[in-house]
Each structure stands twice: as C-alpha cells, then as structure tokens.
Amino acid sequence: MYTYKFPHLLRWVFPNLIYTLPAKNEVYLTFDDGPIPDVTLEVLSILSHYQAKATFFCVGENIERHPEIFYQVVAAGHAVGNHTYHHMDGWKHSKAAYLRDIAHCNQIMQHYEGDIAIKHTLFRPPYGKITPALMQELELHYKVIMWDVISADFDQELLPEKSIEVLKKLTKPGSIIVFHDSIKAADNMFRILPEYLQFLKEKAWTSAAIPY
C-alpha cells in the first residue's frame, strides 16, 4: 500500500525539515516538477476558481523552457520554490554536484521572474531524497519543505477515488500537501484536485502559499 503520510521514522531522522506549518484554518497545497504547458496553466485556472493559493516547486530546466508560464505562476500570487535544475536525485550525486544544480535553478528563477522580486528560500528535494550532509548545507540558506500528505497522483495504478478518500481523512490544518503539475500525473491530478479543493471549501479551510 502506498504511504500517503510522510514516514514518521524519517521525520525523526530529519527533525529540521518542514512537514507541517502552524495554522488554524490553512492547508498548504504544493505542486512539483513544473512549469509544464497546459498542465500548469490548468492548475492555475482551477486554483483561481476556488480562490486558492499554492506553492510551486519548479524544475529549473522547465522554467527555462517555459518562462512565460513561470511568470504567470508568480504573477498570480503563488509562491515558488527550488526543485533543482535537473530534477536531481540527492542519493545518486555528489554533494557538490547537487548544490551546483540547486544554485543553477536559483539563477534561472531570478532571471525569469520578471519585475517581481522573490526571496528564493524554499527548497524541496526531488523524490524527497536528501542526506544528512546535504541537510547541513541546505538549512543554512533554505527552508527545506517536505510534506505531511502526498496525493500519489503520479502513480499510474492509482484509483483517484482512493486518493481523494485518503486526502480527506489525513488532511489537518497546517498540512503540507503534494500534487504534481507534470504530464505523468496530469490525468489523476485533474480528477483529484477540484474535489479536494471543494472539500477544503466545505471545511472552511483555505489553501495558502508557504511563506518565504
């Protein structure tokens, strides 16, 4: 069975990572791996319909390919975070190579954000993979954002109805929730996201962007 909650053992190993945020009625939706044509733009439309804000953890090479979409994300008032330039696996590369990839993504974000000044302090490791050595370096400059609950929208065998059921059960105020604005996840994500946002509306919970 897929683990929708971030494992408690890893929370204990990495206590300085951020899995939830203090909140009364807020939930923090996040989207990984964009910006992607059509997918990210449709996400923006859905979020606007529900008056929801989110945080987009962007891959640098996707920003470089689609800067106009990245700018639309920022201009709509959503937060953006660094997701490395190459969607790099922190367990398969040297610390030096990984940190260079993050720095490259930051440069791309700064170049394409237009006239909107952003504090580039949010980072999420692709696949959630990080090492203690990387964490020592990253926590000096970033808020490293993991998650409380993941939608598993990328799972091609996922039953969207199951994901919705689990998300409703596990979401609490302050939860950080993961979706993906990627081609792979799009079909599931677009079936899950509107119903989930309607659930938040019925609970009188708002979706907020993670503060920098």
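This report describes strands, helices and selected residues of one predicted protein model.

## Basis of the description

The model is predicted, and local features need pLDDT of at least 70, side-chain atom pairs count only at pLDDT 80 or more, and totals for chains, interfaces and linings use all residues. Residues are numbered from 1 along each chain as its sequence is written, and side-chain values use heavy atoms, with hydrogens and water left out.

Helices (H or I, at least four residues) and strands (E, at least two) are DSSP runs, numbered from the N terminus.

## Parallel strands around S1 and S2

Strand S1 covers residues 26-32 and strand S2 residues 54-58; the two pair in the parallel sense over four bridges. Pairing here requires that DSSP finds at least two bridges between two strands. Within this pairing, Leu29 has Ala54 of S2 as its bridge partner. S2 is also joined by four bridges to strand S3 (residues 79-82), and these strands run parallel. There, Cys58 has Asn82 of S3 as its bridge partner.

S2 is mostly covered, as five of its five residues are buried. Buried means under 20% relative accessible area, exposed over 50%, and partly exposed in between, with a 1.4 Å probe and protein chains only. On one side of S2 lie Ala54, Phe56 and Cys58, on the other Thr55 and Phe57, and all are buried.

Val178 of S7 is the bridge partner of Ile150.

## Crossover units

S1, helix H2 (residues 39-49) and S2 make a right-handed β-α-β unit. A right-handed β-α-β unit is also made by S6, H7 and S7. A crossover is right-handed if, with the strands pointing away from the viewer, the path from the first strand over the helix to the second runs clockwise.

## Helix packing

Two packed helices are described by the angle between their axes and the distance between the axes. Axes are lines fitted to C-alpha atoms, for helices over the stretch in contact, and angles run from 0 to 180 degrees between N-to-C directions. Angles under 35 degrees count as roughly parallel, over 145 as roughly antiparallel, 65 to 115 as roughly perpendicular and the rest as oblique. A crossing is left-handed if the near helix is turned anticlockwise from the far one by less than a right angle, and right-handed if clockwise. Contact means heavy atoms within 4.5 Å.

H2 and helix H8 pack at an angle of about 10°, with their axes 11 Å apart, which makes H2 roughly parallel to H8. Residues of H2 that meet H8 include Val39, Ile46 and Leu47, and those of H8 include Phe190, Leu193 and Leu197. H2 also packs against helix H4 (residues 67-75) at an angle of about 15°, with axes 10 Å apart, and the crossing is left-handed. Thr40, Leu41 and Leu44 of H2 meet Ile69, Gln72 and Val73 of H4. Between helix H7 (residues 160-170) and H8 (residues 186-202) the angle is about 30° and the axes are 9 Å apart; this crossing is right-handed. The contact involves, among others, Ile164 and Leu167 of H7 and Ile192 and Phe199 of H8.

## Leu29 in strand S1

Leu29 lies in strand S1 and counts as buried because its relative accessibility is 0%. Not counting residues up to four places away in sequence, Leu29 touches several residues, among them Leu47, Ala54, Ile177, Phe179, Leu193 and Leu197.

## Backbone features in loops

The loop between S1 and H2 holds Asp33 and Pro35. Asp33 has a positive phi of about 90° although it is not a glycine, and with a relative accessible area of 15% Asp33 is buried. A cis peptide bond joins Gly34 and Pro35, with omega about 0°.

His87 is in the loop between S3 and helix H5 (95-112). His87 has a positive phi of about 55°, although it is not a glycine.
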